[in-house]
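Me: I would like a close look at one part of this model, the charged side-chain pairs. Please keep the answer in one piece.

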Amino acid sequence: DMVKAKKPAPDVYNMAVDEMKLDKSRCVIVEDTHIGLSAAKAAGIKCCVTKSSYTGGEDFTGADLIVEELGDDKEGGVTAETLAS
């Protein structure tokens, strides 16, 4: 294992940001579970949640964006502009 604590601890996201020398304010994490959302927010990083058939009923309060799917079409798909807003 690469990190000491698993999600919902932010360790995995903090490690990724540190290893890649990223600016957290310019990152967005895509997650599909409440546990993953909690880890992203604990790391101080924006989070887009894509609902799945397994996690659609979970509480995603605090997500920066919640979508049914990322999609490929320009009308309903998620873009860099969508995530930046």
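Is Lys 51 buried, partly exposed or exposed, and at what relative accessibility?

Reply: The model is a predicted one. Lys 51 counts as partly exposed, its relative accessibility being 30%. The side chain of Lys 51 meets that of Glu 68 in a salt bridge, with 3.7 Å from N to O. Lys 51 sits in the loop between S2 and S3, while Glu 68 sits in the loop between S3 and helix H3 (80-84), so the pair ties together parts 17 residues apart in sequence. Glu 68 is exposed, with a relative accessible area of 57%.

This pair is one of three salt bridges in the structure. Another joins the side chains of Lys 41 and Asp 64, at 2.7 Å from N to O. Here Lys 41 belongs to helix H2 (residues 34-42) and Asp 64 to the loop between strand S2 (46-50) and strand S3 (65-67), so parts 23 residues apart in sequence are tied together. Lys 41 is partly exposed at 35% relative accessible area, and Asp 64 is partly exposed at 39%.

Lys 7 also forms a salt bridge, with Glu 31, and the closest N and O atoms are 2.6 Å apart. Lys 7 lies in the segment before helix H1 (11-20) and Glu 31 in strand S1, so this pair ties together parts that are 24 residues apart in sequence. Lys 7 counts as partly exposed at 36% relative accessibility, whereas Glu 31 counts as buried at 7%.

Strand S1 (residues 28-31) also holds Val 28. Val 28 is partly exposed, with a relative accessible area of 33%. Together with Val 30 and Leu 70, Val 28 makes a nonpolar surface patch of about 210 Å².

Terms used: Residues are numbered from 1 along each chain as its sequence is written. This is a predicted model: local features need pLDDT of at least 70, side-chain atom pairs count only at pLDDT 80 or more; totals for chains, interfaces and linings use all residues. Side-chain values use heavy atoms; hydrogens and water are left out. Patches are made of residues with over 30% relative accessible area and no salt bridge: like charges are joined within 9 Å, nonpolar side chains (Val, Leu, Ile, Met, Phe, Trp, Tyr) within 5 Å. Accessible areas come from the Shrake-Rupley method with a 1.4 Å probe; for residues, only the protein chains shown count as cover. A salt bridge is a side-chain nitrogen of Lys or Arg within 4 Å of a carboxyl oxygen of Asp or Glu. Helices (H or I, at least four residues) and strands (E, at least two) are DSSP runs, numbered from the N terminus. Buried means under 20% relative accessible area, exposed over 50%, partly exposed in between (1.4 Å probe, protein chains only).
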